[in-house]
Amino acid sequence: MPNIDNQIYLAIILGLLVLTAALLFVVLRRVSQLEKSAPDLLPLRQENAALTAKQDMLASTVDASLKGLQGQFSAFALHNEQTMENMRRSMVDSMGKIQQDTGKQLDAIRATVDEKLQDTLDKKLNESFRLVSERLEQVYKGLGEMQTIASGVG
């Protein structure tokens, strides 16, 4: 039985080959007929050639335009990059100046606060020393009076 199946497959393949050869013959015959009627196709061929030329011209124009746009985009990108770098430098410089100004202002405020604290401290110390001196003077007077009373009692 396997031989019969192989024979059937072989017959089918041979039939397909014959059919393909016949189809190829028909196609070649039709091509030959079309070539004989080529004078009728001459205007179509000329129009096709003109359209192909226009298509090629449009393709080259589009390519040139794309290259031009690519160049412009590259120039814009470079310009934007330079502008951003300039802005960054400007911001860094401005921030540095602001920091310096803030530092100077803080130093001035610190000096003013220190000066006022020193003045206040000096005033308070002087007042305290004055009060201590007055109290000591009163104590000495009291002691003098006590000595006078003690010598009077004695």
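Asp107 and Arg110 are both found in helix α2, 3 residues apart, which is about one turn of the helix. In this predicted model, the two residues form a salt bridge, and their closest N and O atoms are 2.9 Å apart.

The side chains of Glu85 and Arg88 meet in a salt bridge, with an N to O distance of 2.6 Å. Glu85 has a relative accessible area of 28% and is therefore partly exposed. For Arg88 the relative accessibility is 45%, so this residue also counts as partly exposed. The pair belongs to a network of salt bridges in which Glu85, Arg88 and Arg89 are linked.

A further salt bridge joins the side chains of Arg130 and Glu134, at 2.5 Å from N to O. Arg130 and Glu134 also lie in helix α2, but with a spacing of 4 residues, again about one turn of the helix. Arg130 is partly exposed at 38% relative accessibility, and Glu134 is partly exposed with a relative accessible area of 32%. Over the whole structure, the search finds 6 salt bridges. The charged side chains of the protein chain number 17 positive and 19 negative, and the centres of these two sets are 6 Å apart.

Helix α1 covers residues 2–36 and includes Ile4. Leu19 is also located in helix α1. Both residues contribute to a nonpolar surface patch of about 630 Å², made by Ile4, Ile8, Tyr9, Ile12, Leu16 and Leu19. Leu19 has a relative accessibility of 57% and so counts as exposed, since the exposed class begins over 50%. Between Leu19 and Gln72, which are 53 residues apart along the chain, the C-alpha atoms are separated by 60 Å.

At the level of the whole protein chain, the secondary structure comprises 2 helices and 0 strands. The radius of gyration is 57 Å, well over the 15 Å that the globule rule gives for 154 residues, so the protein chain is more spread out than a compact globule. Along the principal axes, the C-alpha atoms fill a box of roughly 165 × 60 × 15 Å. Of the 154 residues in the protein chain, 1% are buried, where buried means a relative accessible area under 20%. The protein chain exposes about 14,200 Å², and 65% of this area is supplied by carbon and sulfur atoms.

Conventions: Residues are numbered from 1 along each chain as its sequence is written. This is a predicted model: local features need pLDDT of at least 70, side-chain atom pairs count only at pLDDT 80 or more; totals for chains, interfaces and linings use all residues. Side-chain values use heavy atoms; hydrogens and water are left out. Patches are made of residues with over 30% relative accessible area and no salt bridge: like charges are joined within 9 Å, nonpolar side chains (Val, Leu, Ile, Met, Phe, Trp, Tyr) within 5 Å. Accessible areas come from the Shrake-Rupley method with a 1.4 Å probe; for residues, only the protein chains shown count as cover. A salt bridge is a side-chain nitrogen of Lys or Arg within 4 Å of a carboxyl oxygen of Asp or Glu. Buried means under 20% relative accessible area, exposed over 50%, partly exposed in between (1.4 Å probe, protein chains only). The radius of gyration is taken over C-alpha atoms; the globule rule is 2.2 Å times the number of residues to the power 0.38. Lys and Arg count as positive and Asp and Glu as negative; His and the chain ends are not counted. The place of a charge is taken as NZ of Lys, CZ of Arg, CG of Asp or CD of Glu.
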